[in-house]
Amino acid sequence: MNDSMIFEKLVNVAMTAGIEHICLCDFKAYYGALHDRNIALSMKLSLGYMNYTLAHELAHCFLHYDKGNTIEDKRHDDYEEQADRGARLLLCAVSGMSREEVDRYVSENKGFLSAAG
């Protein structure tokens, strides 16, 4: 399944979960963010890593909806690890990739695009 199809499936999951808006932002240091029912993604990500980031923010939506501001929480690192695992599970579910394939997919797509790209 190609990156565009994975993105489309993740957007469908987001809409089903009650996410109202998914937007692209010019983040300097963040890959993505969840606020209320809105997800912002860095426009500087490859589509493959944008897929992972969207899945990661969706995992926060499902797992931490009742936790308030997890960035300021003393368990922030735990929440991030949980969202990472949830993102990988979502990518398996929507793409049909195995866990190993998802690990490789995330690793190969990680990070911001270069300024020239």
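View 1. Helices (H or I, at least four residues) and strands (E, at least two) are DSSP runs, numbered from the N terminus. Reading from the N terminus, the elements go α-β-β-β-α-α-α. The chain's radius of gyration is 13 Å, close to the 13 Å from the globule rule for 117 residues, so the chain is as compact as a globular protein of that length. Here the radius is taken over C-alpha atoms, and the rule is 2.2 Å times the number of residues to the power 0.38. This is a predicted model: local features need pLDDT of at least 70, side-chain atom pairs need 80 or more, and totals for chains, interfaces and linings use all residues. Numbering starts from 1 along each chain as its sequence is written, and side-chain values use heavy atoms, leaving out hydrogens and water.

**View 2. Aromatic pairs, 3 of them.** Rings of Phe, Tyr and Trp (its six-membered ring) pair if their centres lie within 6.5 Å; planes under 30 degrees apart are stacked, over 60 edge-to-face, and the rest tilted. Phe27 and Tyr30 have ring centres 6.2 Å apart and planes at 80 degrees, so they make an edge-to-face pair. Tyr31, Tyr49 and Tyr52 are joined into a cluster by ring pairs.

**View 3. Tyr30 and burial.** With 55% relative accessibility, Tyr30 counts as exposed. Across the chain, 37% of the 117 residues count as buried. Buried means under 20% relative accessible area, exposed over 50%, and partly exposed in between (1.4 Å probe, protein chains only).
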